[in-house]
Amino acid sequence: MISVLIAAVGIFGTAIGAALTAAIAAKSDGRRQAALERQHAREQQTHADRQLRELRSEHLRWRRERRQTAYLDLLEALSSADRANQRYFRALRSEPEPVAVDEARLAEIRELFKGAEKAHYKVILEGPHSVAQAAHALLKELGDLVCAVEEFVQARATAGDVVEFRRKVDTAGTNFLSSHRAFLEAARVALDEILDAA
């Protein structure tokens with residue numbers, strides 16, 4: 001009977017040991033599984049964050065390229081209108097006698113100015129606000145310069161006193177150059193901000 005009791009205690013002890021081992025193993029497996037799930041979730045989040053950063057960086061590069069193109073288009077259009085305006089002004093200034101108004105040249109300058117206005121709208125759309133304001137000021141100054149040259153042309157054609165009109169052209173030209181520098185600085189800062197954000 002004692003041997004049966006010893007055997008029963010041995011079986012009972014083995015069963016309890018096996019049950020405890022199974023419980024500990026299950027708890028350990030549960031912890032391991034939870035740790036693996038947390039690690040997997042972190043990896044997924046890291047991957048999603050990396051994809052988001054890459055997408056944002058790609059978008060910022062795209063935005064920078066679009067802005068740069070808009071800024072350059074505006075500068076080219078302004079330059080074309082300004083060169084045509086300057087050529088006409090210089091040609092008239094070098095003439096000793098009154099010269100009739102060259103309507104074809106004035107029409108060309110106006111048309112080039114309209115092209116600059118169109119390019120200006122792209123800059124307003126692309127932004128940022130500081131560059132749009134600088135572009136608007138620059139376009140206004142070119143418009144003032146074109147008007148000053150037209151006034152000079154009219155005075156020159158009627159053999160009037162051109163000194164005051166010449167001074168207006170010089171002042172408008174100086175203001176245009178100042179606005180040009182301000183636009184370039186605002187555009188450069190805006191483009192650099194995009195690079196820094198990327």
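**Figure 1. Asn85 sits in helix 1.** This close-up comes from a predicted model. Asn85 is buried, with a relative accessible area of 2%. The cut-off for buried is under 20%, so Asn85 qualifies. Cys147 is 62 residues from Asn85 in sequence. In space, the C-alpha atoms of Asn85 and Cys147 are 9.9 Å apart.

**Figure 2. The largest pocket has a volume of about 240 Å³.** Its lining is made up of 13 residues. Closest to the pocket centre are Gln86, Arg90, Leu145, Val169 and Gly173. Three helices each supply at least two lining residues: helix 1 (2-94), helix 3 (129-157) and helix 4 (163-197). Helix 1 gives the most, with six residues. Sorted by class, the lining of the largest pocket holds six nonpolar, three polar and four charged residues.

**Figure 3. Tyr71 and Phe183 form an edge-to-face aromatic pair.** A search of the whole structure finds two aromatic pairs, and Tyr71 with Phe183 is one of them. An angle over 60 degrees counts as edge-to-face. Tyr71 belongs to helix 1 and Phe183 to helix 4. The pair links distant parts of the chain, 112 residues apart. Tyr71 and Phe183 are both buried.

**Figure 4. Phe89 and Phe152 form an aromatic pair, also edge-to-face.** Here the centre-to-centre distance is 4.9 Å. The angle between the planes of Phe89 and Phe152 is 65°. Phe89 lies in helix 1 and Phe152 in helix 3, so this pair ties together parts that are 63 residues apart in sequence. Phe89 is buried, and Phe152 is buried too.

**Figure 5. A salt bridge joins Lys122 and Asp73.** The model has nine salt bridges, and Lys122 with Asp73 is one of them. The closest N and O atoms of Lys122 and Asp73 are 3.5 Å apart. That falls within the 4 Å limit for a salt bridge. Lys122 is in helix 2 (residues 103-126) and Asp73 in helix 1, so the contact ties together parts 49 residues apart in sequence. Lys122 is partly exposed, with a relative accessible area of 44%. Asp73 is also partly exposed, at 25% relative accessibility.

**Figure 6. Glu151 and Lys168 meet through their side chains in a salt bridge.** The N to O distance is 3.5 Å. Glu151 is in helix 3 and Lys168 in helix 4. The two residues are 17 apart, and the pair links distant parts of the chain. Glu151 counts as partly exposed, at 33% relative accessibility. Lys168 is partly exposed as well, with a relative accessible area of 37%.

Figure 7. An α-helix has 3.6 residues a turn, so residues three or four places apart point the same way. Asp192 is partly exposed, at 27% relative accessibility. Arg188 is partly exposed, with a relative accessible area of 40%. Elsewhere, salt bridges with shared partners join Arg63, Arg66 and Glu126 into one network.

**Figure 8. Helix 2 has 24 residues, and its length agrees with its residue count.** At 1.5 Å a residue, helix 2 should span 34 Å. Its end C-alpha atoms are 35 Å apart, which agrees. Buried residues in helix 2 are Leu106, Ile109, Phe113, Ala116, Ala119, His120, Val123 and Glu126. Glu126 is also a member of the salt-bridge network with Arg63 and Arg66. Just after helix 2 comes Gly127, with a positive phi of about 70°.

Methods. Residues are numbered from 1 along each chain as its sequence is written. This is a predicted model: local features need pLDDT of at least 70, side-chain atom pairs count only at pLDDT 80 or more; totals for chains, interfaces and linings use all residues. Side-chain values use heavy atoms; hydrogens and water are left out. On a 1 Å grid over the protein atoms alone, a cavity is a set of points where a 1.4 Å probe fits but cannot get out, and a pocket is an open set with protein on both sides within 12 Å along at least five of seven lines; lining residues have an atom within 4 Å of a point. Grid points are joined across faces, edges and corners, and a volume is the space filled by probe spheres set on the points. Helices (H or I, at least four residues) and strands (E, at least two) are DSSP runs, numbered from the N terminus. Ala, Val, Leu, Ile, Met, Phe, Trp, Tyr, Cys and Pro count as nonpolar, Asp, Glu, Lys and Arg as charged, and the others, Gly among them, as polar. Rings of Phe, Tyr and Trp (its six-membered ring) pair if their centres lie within 6.5 Å; planes under 30 degrees apart count as stacked, over 60 as edge-to-face and the rest as tilted. Buried means under 20% relative accessible area, exposed over 50%, partly exposed in between (1.4 Å probe, protein chains only). The expected span of a helix is 1.5 Å times one less than its number of residues.
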